[in-house]
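This briefing is meant for a reader meeting the structure for the first time.

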Amino acid sequence: MVTTKKSGGDTYVWQRRTNGQYMVRWFGWLIGVMIFMWAWNYISGATTWFYVKDAPRVTADIFSRATPPKWEYIYQLGGPIWDTINIATLGTIIALFLAIPVAFLAATNTTPQVPIHPVLARIMPSPMRKLLLTKTGENNYTMALFRPIALLVIVSTRSINSLIWALLLVAIIGPGVFAGIMAISIRSIGFCAKLLYESIEEINVIQVEAVTATGAGKLQTLVYGIVPQILPTLAGVAVFRWDINIRESTILGYVGAGGIGLWLQSSMNILAWSQVSLILLVILVAVVVGEWVSAKVRGAII
Amino acid sequence: MSIAASANLTAMVGKAWKKPPFIKKPWLRWGLLILSVVYLVLAISSVEVDWSRVYIGLERGARFVTAFANPDFSSQWENISEGMYESIVMTVASSVVGIAISIPIGLGAARNIAPAPVYFVCRGIISISRALQEFVIAILLVAIFGFGPFAGFVTLSFATIGFLSKLLAEEIEAMDPIQGEAVKATGARWWQWINYGVQPQFMPRLIGLSIYRVDINFRESAILGLVGAGGIGATLATSFDRYDYDTSAAILLMIIGIVMVLEYVSGFVRGKVQ
């Protein structure tokens, strides 16, 4: 790392890296800047710069229309707020019920192992063997058949935003609160299951062995050996996700999935900026209160 | 063992073991239980479900699920590729700008580096950015800047600042001051102190977080199109509206694929630098 270099005569100067390392870094930066310029060029080309230059005036205009917020509109927002809270809460509860089995199927130490024929094990390509197979004897293999399916469920539900799930569910089961609840719960499965299965994999085996040693069956081992160990994580994840879901459920209505977002969209459509500003304030309060409640509950649990 | 404890033990001998309750105080336990049941009954009864509509929808749902077996990349390829290109471009540009701005703000929001006025301004910026969701910012910015990727770019940059500066500031506040003092003791100026005493300590975390943020920005860029802020979201929404589920499936598969690649890369890089 640190090197010295002759400069001119016989004096040595400290520098952080060798000349070669500096060159590599310089080229890295050059490529990075080029990629950024390419991206910027595209955005700049797709932008109507007149509007951007006009932005301060428009902002001031919108701000003057949006203040003061139309306070009496709050009486009409009671129902939507109740719906929003329900979407987040019921969605989280359903998600937890669905995530728990997925997490147990995804954790390497609890996923069911299916014995398979050794010939089948031998013809399997090696990356698949590494992922799925466990050698239990001289010529005996078991396969974690359900693990890849559970991991697929986790990845696919996690990578798609709840708004997109809502969009899809509104198209499938029609607009309304129910679509919002389903969207929130589907989106949360992957998140909850991922954190849960990581915690299941980290449990203390000795406690499980102690329960097994009393002669407990498989289900009893699960209930008395494993579940008490992951219960704090489960509660923490539930509250954490509920907090995120309050945040997300406030906007789901924008695509028709119920809650206060629906009112936001209709106010935007008629350019009633004083209603929009009130709704945004309500959303902000909901998010802050949700965060506060979740922090309090997590503090009490952990 | 004390006498009381042994008396307790003899009292317990011969009785079946019962799981201790989760909440010790009985009134709190029952109170919470009754409250939650009342809430659940009220909440569930207020959800109106049109089951006949759901039943009709199930057929469409099945069609959507089967579309994943047969995704149609080709017939709308022009729209898909344009939307994806825009999403990627927005992700790159907003991540670069967001990260570049969040470094000074992160330094300013660290109490052990910044003076009080700078600290409060930077913390204020972070709180505003974190309290507003990307989607809400995008709605407002589209109204201000007009349709197109510029609004999405500004939205994502702003959201990146809140996320990255906060975590960066926490990292800097938890750093080891001795290394910084050693650099200061050589007579280093403020810049040199930051560059040689502070920056090497937060760099691994910054790199890890930045890559994670690129991942988030890409995911978010997929929904900004719903309000006209550019990206693949517009194409996706159109394909849903037209019940063109084969195209939707293709777009969703591409999103999942790119997110998986980004997650893998971010795990790899974080493993390398930390």
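**A helix pair, its chain and a chain contact**

In this predicted model, helix α4 (residues 78–106) of chain A packs with helix α9 (residues 177–201) of chain A at an angle of about 40°, and their axes lie 6 Å apart.

Helix pair
- The crossing that α4(A) makes with α9(A) is right-handed.
- Sorted by class, the residues in the contact of α4(A) with α9(A) are 22 nonpolar, 6 polar and 1 charged.

Chain A as a whole
- Chain A contains 13 helices and 5 strands, and 35% of its 302 residues count as buried.
- The radius of gyration of chain A is 28 Å, whereas a compact globule of 302 residues would have one near 19 Å.
- Taken along the principal axes, the C-alpha atoms of chain A fill a box of roughly 80 × 80 × 40 Å.
- Among the contacts in chain A with a separation of 6 or more, 71% are between residues 24 or more positions apart.

Contact between chains A and B
- Chain A gives 45 residues to the contact, and chain B gives 42 residues.
- On the side of chain B that touches chain A, the elements that give two or more residues include α2 (26–46), α4 (77–108), α7 (149–173) and α11 (245–273) of chain B.
- By class, that side of chain B has 31 nonpolar, 6 polar and 5 charged residues.

How values were computed: Residues numbered from 1 in each chain as written. Chains lettered and ligands numbered in written order. Predicted model: local features only at pLDDT ≥ 70, side-chain atom pairs only at ≥ 80, totals over all residues. Axes fitted to C-alpha atoms, helices over the stretch in contact; angles between N-to-C directions. Helix = DSSP H or I, 4+ residues; strand = E, 2+ residues; numbered from the N terminus. Left-handed = near helix turned anticlockwise from the far one by under 90°. Nonpolar A, V, L, I, M, F, W, Y, C, P; charged D, E, K, R; others polar. Rg over C-alpha atoms; globule rule 2.2 N^0.38 Å. Buried ≥ 20, exposed ≤ 12 C-beta atoms within 10 Å, placed from the backbone. Contact = placed C-beta atoms within 7 Å.
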